Amino acid sequence: MRTLLAMIIGGMLLASPLPALAADEAPEDPSALPDGDGRDETFYSCTACHSTALIRRSGFTRQQWDDLMDWMVEKQNMNPLEADERKLIVDYLARAFPPRRTRPPAFNNPFATN
Ligand code: HEC
């Protein structure tokens, strides 16, 4: 009886999806991001605090990426980017990581500042 119970519980544990965290811990270089103008600048400005995983799993419009820069500065203490560099990086992000699926109509931009 004990064994049967252990098997059932064990099976439930195995069946539950485990978050794939380990893959994101490896040291990265700019090739973790898709090729394109501004890739290296993006990599070096954006991976001081987190890996590229947060960026790669995201898909935003240019406006949303631009808003995200403000959010990163205001809420996450990122050093503000120089205007030229910000344009280069936001252009790159908008090209490399566009929105992937249509949002529900009620979607509110969580990065909007007001
Ligand atoms: C000063 C540190 C810092 C820098 C530099 C930084 N970030 Fe972040 N970023 C954070 C923190 C902190 C979070 C929040 C992580 C969390 O939600 O736990 C975050 C979250 C994100 C997210 C996920 C947002 C979401 O919740 O969906 C994206 C995308 C992102 N950052 C992109 C960037 C990009 C692009 C750059 C470079 C322009 C950048 N980050 C630079 C600190 C930073």
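## Reading a helical chain and its iron site

A: Let's start with the overall build: the protein chain has 5 helices and 0 strands. Keep in mind that this is a predicted model.

Q: In what order do the elements of the protein chain run from the N terminus on?

A: You read the elements along the chain, one after another. Here they go α-α-α-α-α.

Q: What share of the 114 residues counts as buried?

A: For that you look at relative accessible area, and under 20% means buried. In this protein chain, 25% of the 114 residues fall in that group.

Q: Which residues come nearest to the ligand?

A: There are 18 residues around the ligand, and the nearest are Cys-46, Cys-49, His-50, Met-72 and Gln-76. Helix H4 gives the most, with 6 residues.

Q: Which residues coordinate the iron atom of the ligand?

A: Look for donor atoms around the metal. His-50 uses its NE2 atom and Met-72 its SD atom, at 2.0 to 2.5 Å from the iron. His-50 is in the loop between helix H2 (39–46) and helix H3 (53–56), while Met-72 is in helix H4 (residues 62–76), so the pair ties together parts that are 22 residues apart in sequence.

Q: Why is the arrangement around the iron atom called octahedral?

A: You go by the angles. With six donors, opposite ones must be over 155 degrees apart and all others between 65 and 115. Around this iron there are 6 donor atoms with angles of 78 to 179°, which makes the arrangement octahedral.

Q: What does the side chain of Ser-58 reach?

A: A side chain can pair up with a backbone atom. The side chain of Ser-58 reaches the backbone oxygen of Leu-54, at 2.6 Å. You'll find Ser-58 in the loop between H3 and H4, and with a relative accessible area of 11% it is buried.

Q: What is there to notice about phi of Asn-77?

A: For Asn-77, phi is near 60°, a positive value in a residue other than glycine. Asn-77 belongs to the loop between H4 and helix H5 (83–96). At 67% relative accessibility, Asn-77 counts as exposed.

Q: How far apart are Asp-37 and Asp-91, in sequence and in space?

A: Compare the count along the chain with the C-alpha to C-alpha distance. Asp-37 and Asp-91 are 54 residues apart in sequence and 8.6 Å apart in space. Asp-37 lies in the loop between helix H1 (2–15) and H2, and its 59% relative accessibility makes it exposed.

Q: And how far apart are Phe-43 and Glu-28?

A: They are 15 residues apart in sequence, with 9.3 Å from C-alpha to C-alpha. Phe-43 lies in helix H2, and at 6% relative accessibility Phe-43 counts as buried.

Key
Residues numbered from 1 in each chain as written. Predicted model: local features only at pLDDT ≥ 70, side-chain atom pairs only at ≥ 80, totals over all residues. Heavy atoms only, no water. Donors = N, O, S within 2.8 Å, 3.2 Å for Na, K, Ca; no water. Tetrahedral: all angles 85-135°; square planar, octahedral: opposite > 155°, others 65-115°. Helix = DSSP H or I, 4+ residues; strand = E, 2+ residues; numbered from the N terminus. Near = heavy atom within 4 Å. Buried < 20%, exposed > 50% of the residue type's maximum accessible area, 1.4 Å probe, protein only. Polar contact = N/O pair within 3.5 Å; in protein donor to acceptor, adjacent residues only side chain to side chain.
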